[in-house]
Amino acid sequence: MTDAAMSTTAVKAGGPVNAVLNRLVIIVPYLWLLFFFLVPFLIVFKISLSQTAIAMPPYTPSFDLSEGIGGLLSGLKELSFDNYVWLTQDPLYFNAYVSSVVIAAVSTLLTLLVGYPIAYGMARAPTTIRPTLLMLVILPFWTSFLIRVYAWIGILKPEGLLNQVLLATGIISEPLIILNTYTAIFIGIVYSYLPFMVLPLYSALEKMDYSLIEAAEDLGCPPIMAFWKITFPLSIPGVVAGCLLVFIPAVGEFVIPDLLGGSQTLMIGKTLWNEFFANRDWPVSSAVAVILLLILIVPIVFFQQAQAKAQEQGR
Amino acid sequence: MKSLGSIRRSFAPWNDPNAKPYIRFENVTKRFGEFTAVNDLTLTIFEREFFALLGASGCGKSTLLRMLAGFEEPTSGRILLDGQDLRGIPPYRRPVNMMFQSYALFPHMTVEKNIAFGLKQEGMPAADIARRVAEMLKLVKLEQFAKRKPHQLSGGQRQRVALARSVAKRPKVLLLDEPLGALDKKLREETQFELMDLQQELGLTFVVVTHDQEEAMTMADRIAIMDKGQVMQVATPAEVYEAPTSRFVAGFVGNINMFEGKVADRQANTVRITGPSGAEITVENAGDAAAGADVAFAIRPEKIRVSSKRPADAVNALQGEVYDIAYLGDMTVYHVRLGDGQIVRASSLNAQRVTEDPLTWSDSAWVSFRPDAGVVLTR
Amino acid sequence: MNQTWSRFNVTSVFLGLAFLYLPIVLLVIYSFNESKLVTVWGGFSTKWYGSLFQNQGLMDAAWVTIRVGLLSATVATVLGTMAALALTRYTRFRGRMLFSGMVFAPLVMPDVITGLSLLLLFVAVGFDRGFVTVTLAHITLTMCFVAVVVQSRLLTFDRSLEEAAMDLGATPVKTFFQVTLPVILPAIVSGWMLAFTLSLDDLVIASFASGPGATTLPMKIYSQVRLGVTPEINAACTILIGIVAAGVIVASVFNKRREVQRLRDEQAAQRG
């Protein structure tokens with residue numbers, strides 16, 4: 001694969017040493033990602049076609065490289081789609097996929113609804129305090145994800161702070177059961193992923209020329225209408241980027257449903273984790289991962305192209 | 001009749017005491033925190049006038065325009081449009097439209113949609129909108145670009161879209177904020193005349209903000225020269241150039257030579273001014289300069305003659321030495337250093353291909369001018 | 001522009017920030033709770049911090065995490081910067097689509113997939129799982145974040161600076177180290193910090209990639225959290241938050257100072 005990086009358009013003059021150095025910049029990260037990112041997926045795919053075995057590693061064929069080509073070929077014959085068939089037979093998996101996608105979609109929408117006013121308010125703030133606001137939004141993102149999710153347990157549980165406040169103020173008479181429900185998962189996702197939504201929205205709104213709004217008003221458009229006709233359409237790249245940044249990881253989310261959702265809620269990341277760590281069924285969990293990846297491949301490619309496009313425009 | 005400059009105007013409502021003001025700023029002040037952008041300003045603009053606000057950046061001209069458009073409210077004072085007080089009326093209900101310096105074209109809409117935007121807000125029927133948009137596109141010669149988006153247009157084309165969009169609603173007043181600022185020199189000159197034609201054709205009142213004096217001189221019926229939130233002079237381009245009323249205006253517009261001195265004596269409209277080095281100048285049209293007052297005598301370079309000998313008939317002549325010469329083709333600019341060190345700029349038109357009295361660097365030279373060639377400034 | 005910051009905008013920003021910070025603040029407050037019951041306030045105490053430092057398991061995990069973080073962030077910064085250079089400087093090379101895909105995809109890839117696939121790789125090639133494998137996994141994940149941060153800075157980089165350096169006789173290598181690198185250094189530093197905190201933070205990938213003897217702090221915290229909320233964990237979290245907050249604040253104050261100084265210098269230069 002090294003030749004993949006060989007033809008460059010912009011090889012600067014400076015002798016063969018520099019040409020090699022130029023190429024190293026491409027080759028080293030390229031090879032790293034091939035080996036640690038792409039190849040592992042191929043292995044996942046291969047193992048998803050294997051049989052479960054009580055051994056280490058717990059699957060066959062294991063493709064022992066010492067057996068050479070012959071071993072490889074004989075191994076190929078043993079591959080089967082049994083694990084995928086198994087996924088379709090047990091409704092647990094199908095339900096987990098559907099509920100993951102639904103939960104991710106709903107929470108993405110909620111995050112957008114919560115994040116848009118924040119990003120808008122930030123983008124309209126005086127220029128002097130904008131960097132500070134930006135830092136305040138990013139700061140929680142630097143603190144541990146696990147800790148932030150964990151903090152919500154103390155707030156949401158039946159004897160937690162939220163219920164204490166609501167009971168004390170007389171708004172409710174019985175503690176609300178929020179922890180270990182889908183509501184808790186929504187709260188957790190909105191909370192954890194909010195910066196991912198706010199930042200692209202902010203950057204789209206912030207670079208918008210305010211004179212466009214003035215022009216719309218000058219031409220007879222009241223402020224609310226100007227928002228829907230000018231501001232919102234122009235922020236759509238930010239909306240798309242933000243939604244993808246939330247939706248894609250949320251579908252496969254494990255920590256949030258595990259800590260806040262309890263045992264009654266169903267999400268595919270948790271299913272995969274349990275299949276792997278509790279049942280030690282590597283081939284089935286690989287198959288689960290392959291299907292999850294297939295579900296996400298469209299939004300991921302979409303995200304990647306949006307990124308590339310944004311990069312082109314930034315040029 | 002003697003007139004300043006070479007143009008005799010038939011359209012001059014500002015000289016008619018019965019003319020009705022169309023736009024009126026009355027004691028308008030605008031403060032942003034500590035900063036006073038516009039300071040107790042009073043100004044009248046007439047219907048169908050092409051009015052220019054000229055000044056350096058930060059002089060308050062854009063704030064004035066934005067107050068008229070409704071983006072800013074005056075801190076005190078009031079603004080009247082056609083007799084109606086504009087206070088409290090939001091921009092989207094004002095019968096004025098603005099052409100923005102950045103053009104502010106909506107990037108997600110085609111040229112057509114941009115032009116139609118204001119008409120849609122009025123709830124105009126679709127068929128009428130289509131007709132008006134077509135008319136506007138024809139007006140600015142962009143018929144074949146109707147379906148393009150702003151980023152697919154050149155700078156000049158964008159400028160014309162912005163113009164078409166802002167006049168599409170037939171506003172009572174069109175406000176133009178540095179309308180030609182983003183264009184290159186050649187395009188700017190062409191567009192100046194297009195704007196003037198358009199204003200004539202549509203019969204609108206134009207208020208244009210610019211920092212480019214040439215642009216203001218070319219296009220405007222009258223110019224208000226602004227400094228530090230105040231109007232220094234409101235006059236026709238010729239008056240501003242030939243009869244500035246203050247040192248600021250004289251120095252701001254075009255090149256000028258300024259001689260500081262004291263009025264020695266005054267007889268009728270003629271004064272004698274003595275400079276610090278004792279040089280003496282006689283000037284007609286003395287204005288309000290009284291004997292003993294500190295004044296400046298201001299004279300344009302093209303009204304000064306440079307010669308190697310003192311002209312026999314000259315009333316005012318000062319001797320010096322040629323310090324620098326710039327040959328510009330159509331004219332030659334001389335810098336003559338006088339005895340007291342002051343540099344005088346004089347330009348002479350190269351009407352002949354050969355000069356009889358050629359001057360060169362370090363030659364002794366005389367600068368001379370008629371008594372009515374300059375103005376006396378007390379402010 | 002002189003638009004005022006409307007009440008609606010102030011309110012939405014304020015509520016948004018309150019939502020972001022309230023849980024963290026509560027967590028910090030309750031780490032000083034005397035009572036063992038996390039939700040009942042029993043008076044101020046720092047005893048949980050004391051018992052935290054007695055907890056050998058947590059201390060070991062913290063040490064592992066810090067070593068993994070430092071090592072992986074450093075390698076990831078080098079690789080990520082190279083990737084960013086490759087993406088911005090070479091607009092066309094064979095396999096560029098695949099390359100940029102591999103850089104952007106890990107940003108959004110669910111951790112369970114990345115973790116599982118890396119584990120299966122390590123098993124397939126016969127790597128013993130432990131410190132090294134966690135570090136390799138974290139390098140792979142975080143180098144992509146570094147690449148994105150550095151790339152956004154490179155996109156606004158004025159190439160004529162490099163051309164000027166070469167015009168003045170600097171070789172491309174010297175140009176890179178003496179001109180390009182100093183200019184993009186702030187982005188590289190923030191890339192490193194991002195990589196470090198991501199590594200510090202990661203639970204899922206580490207759980208897959210790690211083996212005996214290489215339990216990271218998030219793994220330790222997770223296993224204790226599953227047993228219930230304890231003030232000791234609150235204390236551990238508070239310390240982590242404190243470290244990160246201090247780091248970020250110091251960095252931003254430093255940046256701000258430099259920025260203010262630069263503005264002052266520019267103004268002084270213009271006056272002079």
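Biologist: Which residues have the most contacts inside the largest nonpolar core, and how many residues does the core have?

Modeller: The largest nonpolar core has 164 residues, and A:A119, A:L260, A:V288 and C:L116 are those with the most contacts inside it. A nonpolar core here is a set of buried Ala, Val, Leu, Ile, Met, Phe, Trp, Tyr and Cys residues joined through C-beta atoms within 7 Å, and a residue is buried if 20 or more other C-beta atoms lie within 10 Å of its own, exposed if 12 or fewer, and partly exposed in between, with the C-beta atoms placed from the backbone. Please keep in mind that this is a predicted model, in which local features need pLDDT of at least 70, side-chain atom pairs count only at pLDDT 80 or more, and totals for chains, interfaces and linings use all residues. Residues are numbered from 1 along each chain as its sequence is written, while chains are lettered from A and ligands numbered from 1 in the order in which they are written.

Biologist: Which helix gives the most to this core?

Modeller: Helix α8 (residues 182–206) of chain A does, with 18 residues; helices (H or I, at least four residues) and strands (E, at least two) are DSSP runs, numbered from the N terminus. The core also draws at least three residues from each of domain 1 (2–77) and domain 2 (82–314) of chain A, where the bounds come from an automatic or database domain assignment. Apart from this core lies another, of 109 residues, which includes B:Y22, B:L86, B:A298 and B:I304.

Biologist: Back to A:V288, what is it in contact with, leaving aside neighbours within four places in sequence?

Modeller: With that exclusion of neighbours within four places, A:V288 is in contact with A:L87, A:Y93, A:I268, A:T271, A:L272 and A:E275; two residues are in contact if their C-beta atoms, placed from the backbone, lie within 7 Å.

Biologist: And between chains, how many residues does the contact take from chain C and from chain A?

Modeller: That contact takes 73 residues from chain C and 87 residues from chain A. On the chain C side, α1 (7–30) is among the elements that give two or more residues, as are α3 (56–89) and α11 (231–271), and the largest share, 13 residues, comes from α1(C). By class, the side of chain C that touches chain A has 54 nonpolar, 14 polar and five charged residues, counting Ala, Val, Leu, Ile, Met, Phe, Trp, Tyr, Cys and Pro as nonpolar, Asp, Glu, Lys and Arg as charged, and the others, Gly among them, as polar.

Biologist: What about chain A with chain B, how many residues are in contact there?

Modeller: There, 14 residues of chain A are in contact with 17 residues of chain B. On the chain A side, α9 (210–218) and α10 (223–251) are the elements that give two or more residues, and the largest share, six residues, comes from α9(A). The class count for this side of chain A is eight nonpolar, two polar and four charged residues.

Biologist: Switching to chain B itself, how many helices and strands are there?

Modeller: Chain B has eight helices and 20 strands, and of its 379 residues, 40% count as buried. Its domain assignment gives domain 1 (13–248) and domain 2 (255–377), with 39 Å separating their centres, taken over C-alpha atoms. The contact between these domains of chain B takes four residues from domain 1 and five residues from domain 2.

Biologist: Take strand β8 of chain B, how many of its residues are buried?

Modeller: Six of the six residues of β8(B) (205–210) are buried, and both faces are covered, with B:T205, B:V207 and B:V209 on one side and B:F206, B:V208 and B:T210 on the other. In a regular strand the side chains alternate between the two faces of the sheet.

Biologist: Which strands pair with β8(B) in the parallel sense?

Modeller: Strand β3 (residues 50–54) of chain B pairs with β8(B) in the parallel sense over five bridges, and B:F206 is the bridge partner of B:F50. Strand β7 (residues 173–177) of chain B also pairs with β8(B) in the parallel sense, over five bridges, and B:D177 stands opposite B:V209. Pairing requires that DSSP finds at least two bridges between two strands.

Biologist: Last one, is α2 of chain B mostly covered or mostly uncovered?

Modeller: Helix α2(B) (residues 111–121) is mostly covered, since eight of its 11 residues are buried, including B:I115 and B:F117. The buried residues of α2(B) pack against β6 (96–99), α3 (126–139) and α4 (155–167) of chain B.
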